[in-house]
Amino acid sequence: MEKNLDHKLIEEKRNAKWIERRFFSKHDKNKKPFTIILPPPNVTGKLHIGHALDGYIQDAVIRYKKLHGYDVLFLPGKDHAGIATQAVVEKQLLENKKLTRYDIGREALIEEIWKWKDEYSNNITQQWGKLGLALDYESERFTLDSQANEAVLKIFVQMYQEGLIYRDNKAINWDPKLQTALSNIEVINKETEQKMYYIKYPIKDSDEYLEIATTRVETLYSDVAIAINPEDKRVNDLINKIIVHPLTKKEIPIVKSESIDPNFGSGLMKVSAHAMDDIEIIKNYKLDLVESIDKNGLMNENAAEFKGLDRFKAREEIAKKLKAEGYLIKEEKVISNVGYSERSKEAIEVLVQPQWFVKMEKLAKDILNHLDSEDKVEIIPVRFESTLRQWMENAHDWTISRQIWWGHRIPAWYKDDQIKVQIESPGQGWSQDNDVLDTWFSSALSPFVFLGWPQSNEKLNHYYPTDLLVTGYDIIFFWVSRMYFQGLHFMHKKPFKQVLLHGLVRDSQGRKMSKSLGNGIDPIAVIDQYGSDVLKMSLIFNSTPGQDINYGDEKIQMARLFINKFWNIARLINNFERTEIDFNTKNLDEYDFWIINKFNEFKNNVDEAMKKYEFTIIFKHIQDFIINDFSSWYLEFLKFKNNANLIHHLFKQMLIVLHPYMPFLTDYLFETMYEDELLEKQVDDLIKVSDIKENNVKFIISLITTLRKYREDKKISKSQTLYFYLDNNQLSENDLLIINKLTNFEFKENHDLSLKVLNQEIYIKLDENAAKAELEELKKLIEKCKFEIEFNSRFISNPDFMAKANPKTIQDKKDKIAEFSEQLAFYEEQIKNTKKKSSN
């Protein structure tokens, strides 16, 4: 083995070997299953650092379960990402060929997107390979493959027949750039600096006016009323008055609505066709719906001379007109929330459009009822269960139609005023809906569709419900809730037993990674420089469920240092002769029994932490055992003790236990050192030993630690031989040799300086100068003890303190008196012995 670890050599062809040997594609249906479906990444580009964290957590769990005897299925999938993918291909068409989708038509555009998908899908597969994910590639799925399409259309038709899907002319969020409807959760609210305009709305037959505040003067041409909260004290005076619109000069009424915030602006709101709340008011009062902005974000014919202007340019020009005509009272800068399309980053527009919707009331109740049952999905951390409940208690109907061509085309057919929802065309003269379904609609079906439904129930019967879903807490509504209610509705079972929610990966300063900040970290670049195991450990061992990670180079270097340390340990062990031993013989000594117990304890601790996916705690146990127990102690003992029979058997088991967290290195070492395949093994219990057999080793470790500390505290050179002694000595010659080699203390009778080691008393021989120095130090310790005893006793003897202090404070004082009294007695006995030595 080379002196320096070469991660490229270790990783070379290793993932290809795992795939070729079918370690994660062969399945034994006689074993208990453990299933994870990989959250399908969008086929639009390369994996980011968040994908790496997500994939590594799942990979660690899958490898752990395989090595514990489960039939594991880690099923990969990719998402067709309707809006995002079509937008990228359309942009390329325009840039390279000066063509739009309308120039080439639906079929040709879809053909172009499939070509693009095949290229980028392969890129993602290669990146999964670099990460080394333990995927069953033979089961890979795509959310737009033919089997998924069959499932999606079947589900749509059934939901329509059950009244859970409907078509309506309703207010929706519209993306003027991508020209499609969006669901509420695809709209990101951002605080944006805008101008608040205060406008005069004249009261008919009066010199009076109402002051109305708005940031969106471009919507004035769609005003049909002024609204006031029914609790507003002005309501009785205003409710029967008529307003003359400042621009259109139309007469509009004043109406009551509880949705009006009396504390916003003037407490009055204009009612137009470009806000969700406004449209509800318009419907309730059966007012005319007048839109002034079209699908392109341009002013329409209702906007008079501003027709054809961009809505934001029109905002400026209309404000100028209001000011010129004396209707603008004032304007001021404000910060307010504006909705932006998650995909295009364009400010959304609220338009009334015919769209398809999922009726959420029943499906949301299904989740809420299930969360109240004993069978509920376990959400980790549990606090996110309340987040899911809040979403479901306030769920709006889900807009599922998208005005694009890449996706599952809606199986609805139109002829004159007739509509039919079915998979095949009803016949001549019927035309299919041009819209496709929201990508999340098909993704929501993946727990059972990816397992073969409706074509086959073979995998479904064995692997459903899946065992674990790992994803970021930021898509609990986008994806988790939708899989939850679709699984309950169509499979009559929850889709997964547990949901593990991890946080976002932020930069070292806690900022979200973004192109504008230039603080993104490319996971593939980290792998190329340091190796996949380093990236994996630096991510998962700093990941606490539900919490964001502040990630930077220091975490990468921490993982790198550990892996280099482990490589050096492996090199040392590789030098020991390989012997096969019978653990029923007397070939093991007390040092072997001690490390066996430590290993079993370590393995059990990892098992307990893995139950809760507490990877930070797992790493603490790994460091405690590998760095402290194994490397700092057992390997040191091994240099001087009588045999090395255990070391290779133990190290093989260590490689198996560590494999989920550093798979490339452990697999390489197992193959190179033992000419065997780690993934064909299972975690075994090493022989159980009683605690009695390791007591002496515990004492030896404590003794060595105490002797080293004494030398360090006294600043005595390591080259100077010192002497210790203990009465009733039960240490063997080999024990004394190990102690001597590790401390440069020899065993020699004396009763000079007494020190406690566990429950035994040891003595360190002092020369005259050392005895005098020890005497001075003991005097200082005795004075300190006396001071503490006197100080705390003052409180206990004070009646006021005893009457007013809480019981815990009083007990603390009493405990300190007892503690320092015990120390005082010990030091006083010590000083007697030291004075004798000094006088001698």
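Analyst: Lys 98 sits in the loop between helix 4 (82-97) and helix 5 (101-104); helices are DSSP runs of H or I, at least four residues, and strands are E runs of at least two, numbered from the N terminus. This is a predicted model, where local features need pLDDT of at least 70, side-chain atom pairs need 80 or more, and totals for chains, interfaces and linings use all residues. Residues are numbered from 1 along each chain as its sequence is written, and side-chain values use heavy atoms, leaving out hydrogens and water.

Though not a glycine, Lys 98 has a positive phi of about 55°. Lys 98 is exposed, at 65% relative accessible area (exposed is over 50%, buried under 20%, partly exposed in between, with a 1.4 Å probe and protein chains only). Ala 304 is another non-glycine with a positive phi of about 55°. You'll find Ala 304 in the loop between helix 9 (276-284) and helix 10 (311-324), partly exposed at 43%.

Now for the peptide bonds. The one from Ile 380 to Pro 381 is cis, with omega near 0°, and Pro 381 lies in the loop between strand 15 (378-380) and helix 12 (383-393). From Tyr 464 to Pro 465 the bond is also cis, again with omega near 0°; Pro 465 belongs to the loop between helix 15 (458-463) and strand 22 (466-472).

A loop residue can be buried too: Asn 744, between helix 25 (733-743) and strand 27 (745-747), has a relative accessible area of 19%. A polar atom of the Asn 744 side chain lies 3.3 Å from the backbone oxygen of Ser 719. Beyond four places in sequence, Asn 744 has contacts (heavy atoms within 4.5 Å) including Arg 711, Leu 722 and Ile 739.

On to the packing. The largest nonpolar core has 122 residues, and Phe 615, Phe 630, Phe 651 and Tyr 661 touch the most other members (a core is buried Ala, Val, Leu, Ile, Met, Phe, Trp, Tyr and Cys joined through side-chain atoms within 4.5 Å). Helix 21 (residues 615-638) gives the most to this core, twelve residues. The core lies between domain 1 (32-164 + 359-401 + 441-530) and domain 3 (554-692), because both give residues to it; the bounds come from an automatic or database domain assignment.

Notes: Polar contact = N/O pair within 3.5 Å; in protein donor to acceptor, adjacent residues only side chain to side chain.
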